[in-house]
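Open the model in your viewer and keep the selection tool at hand.

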Amino acid sequence: MNNIEVLVIEDDVRVADVHCRFLEKIEGFTVIARASTGEEALDWLQSFSPHLILLDVFLPDILGVDLIDKIQEVSPTSSIILITAATEAHIVQKAYQKNVTDYILKPFTFEQLKESIEKFRYKYLLLKNNEKFTHEKIQYLWPKAGSSPLQETPLLLPKGIDPTTMNHVINHLSIMENGSTAELLGKNIGVSRSTARRYLEFLVTQKQVYTELTYGTVGRPERRYFIST
């Protein structure tokens with residue numbers, strides 16, 4: 001799977017640097033450009049359409065929430081996450097009305113950004129699917145109160161097991177009717193096969209996942225993972 005391309009629109013160089021450093025730590029994402037003004041951002045968007053835009057509200061030449069309409073005109077497939085200190089009602093209301101993917105308040109932590117990014121990635125991969133959508137997939141895209149598909153992960157996790165990635169693995173596996181191999185899971189969620197296998201095997205030890213050996217067309221056994229019911 002190709003990396004998800006990101007445009008960072010932030011006028012504070014130090015904050016933009018933080019965004020980029022954080023994104024470098026999240027597998028499967030690449031910052032392809034940075035812009036410090038609305039005009040510069042629109043110039044970039046004439047050349048490419050990033051999958052995701054991290055957008056500040058207070059730019060030198062325009063409010064980020066007012067820039068959204070222009071972004072959607074030139075790059076309608078780009079998703080937008082607002083990262084801002086703005087809490088004014090009219091700004092939050094505009095952001096909500098314009099269907100931004102998420103709204104993160106500054107200052108924020110790496111874990112907050114990672115959680116938001118992982119949720120975006122999961123929905124992005126779901127929407128790339130060309131097959132019919134299951135009830136579970138539709139429910140994830142438009143969750144109802146009290147019916148979130150997120151699973152609880154163990155409170156005590158060993159080193160190398162991250163709770164956000166863990167939930168991401170569980171969410172993906174829960175909608176795979178025929179289970180998944182570590183290789184397939186890794187491709188679908190943007191991590192290496194060894195990383196996917198590490199999480200899956202841990203889930204097996206927690207009895208949240210079980211395995212079956214299946215045989216392909218050439219007779220080679222294949223270890224598939226299924227959510228325990």
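Select residues 5-121, which an unreviewed UniProt entry annotates as "domain: Response regulatory". Such annotations may be inferred rather than shown by experiment. This is a predicted model: local features need pLDDT of at least 70, side-chain atom pairs count only at pLDDT 80 or more, and totals for chains, interfaces and linings use all residues. Numbering starts from 1 along each chain as its sequence is written, and side-chain values use heavy atoms, without hydrogens and water.

The end C-alpha atoms of residues 5-121 lie 11 Å apart. The span is 44% helix and 22% strand (DSSP runs: helices H or I, at least four residues; strands E, at least two).

Zoom to S4 (residues 79-84): 4 bridges join S4 to S5. Leu 82 stands opposite Tyr 103 in S5.

Now pick Asp 56. The unreviewed UniProt entry marks Asp 56 as "modified residue: 4-aspartylphosphate". Asp 56 sits in the loop between S3 and H3. Is Asp 56 buried or exposed? Asp 56 is buried, with a relative accessible area of 5% (buried means under 20%, exposed over 50%, partly exposed in between; 1.4 Å probe, protein chains only).

Finally, select the contacts of Asp 56 (heavy atoms within 4.5 Å). Leaving aside neighbours within four places in sequence, they include Asp 11, Thr 84 and Lys 106.

Methods:
Two strands pair if DSSP finds at least two bridges between them.
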